[in-house]
Amino acid sequence: GLVIDGRTLAYALEPTLEDKFLALAKRCRSVLCCRSTPIQKSMVVKLVRDKLKAMTLAIGDGANDVSMIQVADVGVGISGQEGMQAVMASDFAVPRFRYLEKLLLVHGHWCYSRLANMVLYFFYKNAMFVALLFWYQFYCGFSGSSMVDQWYLIFFNLLFSSLPQLITGVLDKDVPAEVLIAVPQLYKSGQ
């Protein structure tokens, strides 16, 4: 692990040393920046995001974490005694730090699964619709006539573009929450 304080972090984030600091941080399992300013927190997140091309997650509970949360790709605010500034600036909010595990492991896995299924579903839906239009052109002799009435197209897109997402978003849970908490390695399979 690497523990670095605010004064040392100010030197490590200089343009001449930031690559060395990032190389050292990559070798560690955890990096803890203590007594750092809000701008230093955001600079560390920005450094990791830009140099490593990684998706970043920032978690904060107070006003001093707002800049870090806004720089990160995904921000999580924890509502607590320090106020609601971090919650207002974040993408997700949890009432206590202990709920972070369920947010990441359970809801994160389900989100990956739902997005993957929806991408495949939309690809299949649009491919079938275009194939239907393509084969209809052979049937009508390439006259350019409409295959279906406009109202049917509206209902087609309503039924096959909105309802499946609602149903999938509410009901699709490929693995129960208890199993995802017990076996955190399942999160990687979603990625």
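# Pocket and helix packing

Guide: Start with the largest pocket: helix H6 gives the largest share of its lining, eight residues. A helix here is a DSSP run of H or I with at least four residues, a strand an E run of at least two, both numbered from the N terminus. The model is predicted, so local features need pLDDT of at least 70 and side-chain atom pairs pLDDT 80 or more, while totals for chains, interfaces and linings use all residues. Numbering runs from 1 along each chain as its sequence is written, and side-chain values use heavy atoms, without hydrogens and water.

Visitor: What makes this a pocket, and what is the volume of the largest pocket?

Guide: A pocket is an open set of points on a 1 Å grid over the protein atoms alone, with protein on both sides within 12 Å along at least five of seven lines; a 1.4 Å probe fits at the points, and lining residues have an atom within 4 Å of a point. Volume is the space filled by probe spheres on those points, joined across faces, edges and corners. Here that comes to about 1300 Å³. The lining has 37 residues; closest to the centre are Met55, Thr56, Leu57, Ala58 and Leu104. Elements giving two or more residues are H2, E2 (31-34), H3, E3 (57-60), E4 (74-78) and H6 (100-139).

Visitor: Which domains does the lining draw on?

Guide: Domain 1 (2-95) and domain 2 (100-190) each give at least three residues. Their bounds come from an automatic or database assignment. Their C-alpha centres lie 35 Å apart.

Visitor: Why are H7 and H8 called roughly parallel?

Guide: The axes of H7 (150-161) and H8 (163-171) cross at roughly 10 degrees and come within 4 Å. Axes are fitted to C-alpha atoms, for helices over the stretch in contact, with angles from 0 to 180 degrees between N-to-C directions. Under 35 degrees is roughly parallel, over 145 roughly antiparallel, 65 to 115 roughly perpendicular, the rest oblique. So H7 and H8 are roughly parallel.

Visitor: At what angle do H2 and H3 pack, and what is that called?

Guide: H2 (18-26) and H3 (38-52) pack at about 85 degrees, axes 11 Å apart. H2 is therefore roughly perpendicular to H3.

Visitor: Which residues in H2 and H3 meet?

Guide: Glu18, Asp19, Phe21, Leu22 and Lys26 in H2 meet Leu47, Val48, Lys51 and Leu52 in H3. Contact means heavy atoms within 4.5 Å.
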